[in-house]
Amino acid sequence: MGNYMKGLYTENLRKPTGYFGRLIAKYVMEKYNQDVILTAVTLCNIQPDYHVLEIGFGHGAGLQEAVKYLEKGKGKAVGVDFSPDMVQMASERLESEISSGLVEVIEGSVMELPLQDDIFDRVYHCNCYYFWPDLHTGCREILRVLKPGGVMVVTLDYDAVQAAEGKGNIPVGSGNPDTFMTALTSVGFIDVNRQEVVGSNDKVFTAIYPTAK
C-alpha cells in the first residue's frame with residue numbers, strides 16, 4: 001500500500017469521511033469490529049431505565065444492540081461521533097429507534113462532549129481511545145458525564161491494535177492498555193480493572209472497567 005493510500009486508510013479509520021469513509025465503515029468496521037462492539041454492550045449489563053452513551057459509534061451497530069435492553073423501560077441510548085458521515089450513516093440505520101426517542105446520535109468530540117454532567121449510567125467505547133488527541137482530556141470528559149457509581153466499559157482487540165501499530169496505521173504504543181488505565185486513574189476514576197474476555201466468536205478481547213466516584 002502506497003504512502004498516500006496508507007494515510008487515507010488511517011485517517012478514515014480515525015474519522016470515516018466521504019465515500020471512502022463509508023466503505024471503511026461498512027466493509028472494515030462492520031466486519032472486524034462487530035464482535036468487540038457487541039461484547040462491550042453485553043458487559044455493560046444495561047438495565048431498562050439506564051441512560052447509556054457510546055463514544056465513536058461509527059455505523060451504529062452498538063447503539064442498535066444497546067437499545068434492545070431499553071425497550072421495556074425509560075432508558076435511552078446516546079451516541080457521540082465526530083464524523084458527520086457516521087452521524088448520517090447511523091441515523092439512516094437507526095431511523096425508527098431515533099423516531100421513537102430511544103436513541104439520539106450527536107456530532108461531537110470526546111474532547112468536549114456536548115452533554116450535561118452526571119447523566120449516564122454506562123458509557124462504552126471500542127477500539128478508539130488510541131485515536132484521541134489527549135487521553136486525559138477524553139477520560140476527564142467521560143468521567144464528567146457519568147453518574148457517581150456509573151461504569152465505563154472499554155473493549156479492545158489488542159492483537160489487532162498491535163498489528164495496526166506494526167503497519168504504521170496508528171502510532172506505536174498508543175493502544176497500550178496500561179497507559180490508558182493510568183490516565184483513567186489520574187483523572188479520578190476508581191476501581192480501574194482489566195481482564196481478558198471471550199467474544200461470541202471465541203475471539204479474546206481486552207476489557208477495561210473503571211467506575212466514576
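Helix 8 is followed by Gly168, whose phi is positive, near 80°. The structure is a predicted model, in which local features need pLDDT of at least 70 and side-chain atom pairs count only at pLDDT 80 or more, while totals for chains, interfaces and linings use all residues. Residues are numbered from 1 along each chain as its sequence is written, and side-chain values use heavy atoms, with hydrogens and water left out. Helices (H or I, at least four residues) and strands (E, at least two) are DSSP runs, numbered from the N terminus.

**Helix 8**

- Tyr158, Val161, Ala164 and Glu165 are the buried residues of helix 8, which spans residues 158–166; buried means under 20% relative accessible area, exposed over 50% and partly exposed in between (1.4 Å probe, protein chains only).
- Seen down the axis of helix 8, these buried residues fall within an arc of 115°, so they line one face of the helix; the arc is that of the directions from the helix axis to the C-beta atoms.
- An α-helix has 3.6 residues a turn, so residues three or four places apart point the same way.
- The exposed residues Asp159 and Gly166 are carried on the face of helix 8 turned away from its buried side.
- Strand 5 (146–156), helix 9 (177–187) and strand 7 (204–211) are the elements against which the buried residues of helix 8 pack.

- Seven strands form an open sheet in the order 3-2-1-4-5-7-6, with mixed pairing; two strands pair if DSSP finds at least two bridges between them.
- Strand 3 (103–107) and strand 6 (190–198) stand at the edges with a single partner strand each, so one side of each is left without a neighbour in the sheet.
- Strand 2 (residues 76–81) pairs with strand 3 in the parallel sense over five bridges, and Val80 stands opposite Ile106 in strand 3.
- Helix 5 (residues 84–93) packs on the sheet and touches strand 2 and strand 3, its direction making about 165° with that of strand 3; axes are lines fitted to C-alpha atoms, for helices over the stretch in contact, and angles run from 0 to 180 degrees between N-to-C directions.

**Nonpolar cores**

- The largest nonpolar core has 37 residues, and those touching the most other members are Leu53, Leu115, Trp132, Ile142, Met152, Phe180 and Phe189; such a core is a set of buried Ala, Val, Leu, Ile, Met, Phe, Trp, Tyr and Cys residues joined through side-chain atoms within 4.5 Å.
- Leaving aside neighbours within four places in sequence, Phe180 is in contact with residues including His125, Trp132, Met152 and Ile208, where contact means heavy atoms within 4.5 Å.
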